[in-house]
Amino acid sequence: MEDTIGQLNTSYKGQIFRITYKERDFEVCLLKKSPTKEDTALELLLDGMLQTLIKKKERWCFQQHELDQDLANHIWRAISLRYRL
């Protein structure tokens, strides 16, 4: 499940975001061209590792439960501000 950027087969390079969370810098690359409010899952690269954000009720979280769920919300906030969602 943990693919790296070199193993990913996609023609779209993705929008890159830089996020600072708990005094750590993260590089997030969105793999979908145009996210919408209706999306319930988004694939992205988080520091080069393939991750999936999923929407549960009104909050976003990582599909892998061991990751920080507040970070997922910060990532969604950056995406929603960029795409005006």
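Predicted model: local features only at pLDDT ≥ 70, side-chain atom pairs only at ≥ 80, totals over all residues.

**Stop 1: a hairpin**

Start by selecting residues 15-21, which are strand S1, and then 24-30, which are strand S2. These two strands pair in the antiparallel sense, over 7 bridges. To see one of those bridges, pick Thr-20 and look across to S2, where its partner is Asp-25. S1 and S2 form a hairpin with 2 residues between them.

Now click on the turn itself. Lys-22 sits there with a positive phi of about 50 degrees. Glu-23 lies in the loop between S1 and S2, and it has a positive phi of about 60 degrees although it is not a glycine. Is Glu-23 buried or exposed? With a relative accessibility of 83%, Glu-23 counts as exposed, because the cut-off for that is over 50%.

**Stop 2: another loop**

Next, select 49-56 for strand S4 and 59-62 for strand S5; Lys-57 lies in the loop between them. Lys-57 isn't a glycine, yet it has a positive phi of about 60 degrees.

**Stop 3: inside strand S4**

Stay with S4 and select Gln-51, which is found in this strand. Gln-51 counts as buried, since its relative accessibility is 9% and buried means under 20%. Which residues is Gln-51 in contact with, once you leave aside neighbours within four places in sequence? Show Leu-42, Glu-43, Leu-44, Leu-46, Phe-62, Gln-64 and Leu-67, and you have the list.

Now try Leu-53. Again leaving aside neighbours within four places in sequence, Leu-53 is in contact with several residues, among them Thr-40, Ala-41, Trp-60, Ala-72 and Ile-75. Keep Trp-60 on screen for the next stop.

**Stop 4**

The structure holds 1 aromatic pair. Select Trp-60 and Trp-76: their rings are stacked, 4.4 Å centre to centre, with 20 degrees between the planes. Trp-60 belongs to strand S5 and Trp-76 to helix H1 (residues 69-83), so the pair ties together parts that are 16 residues apart in sequence.

The charged end of Arg-82 sits over the ring of Tyr-83, 5.2 Å from the ring's centre.

**Stop 5: the nonpolar core**

Time to look inside. The largest nonpolar core has 18 residues, and the ones touching the most other members are Leu-46, Leu-53, Ile-75 and Ile-79. H1 gives the most, with 6 residues.

**Last stop: the cysteines**

Finally, select Cys-29 and Cys-61. Cys-29 is buried, with a relative accessible area of 8%, and Cys-61 is buried too, at 9% relative accessibility. How many disulfides are there? A disulfide is a covalent bond between the sulfur atoms of two cysteines. With a cut-off of 2.5 Å between sulfur atoms, the count is 0 disulfides.

Methods
Residues numbered from 1 in each chain as written. Heavy atoms only, no water. Buried < 20%, exposed > 50% of the residue type's maximum accessible area, 1.4 Å probe, protein only. Helix = DSSP H or I, 4+ residues; strand = E, 2+ residues; numbered from the N terminus. Contact = heavy atoms within 4.5 Å. Pairing = 2+ DSSP bridges. Phe/Tyr/Trp six-rings, centres within 6.5 Å; stacked < 30°, edge-to-face > 60°. Lys NZ or Arg CZ within 6 Å of the ring centre and 35° of its normal. Core = buried A, V, L, I, M, F, W, Y, C linked by side-chain atoms within 4.5 Å.
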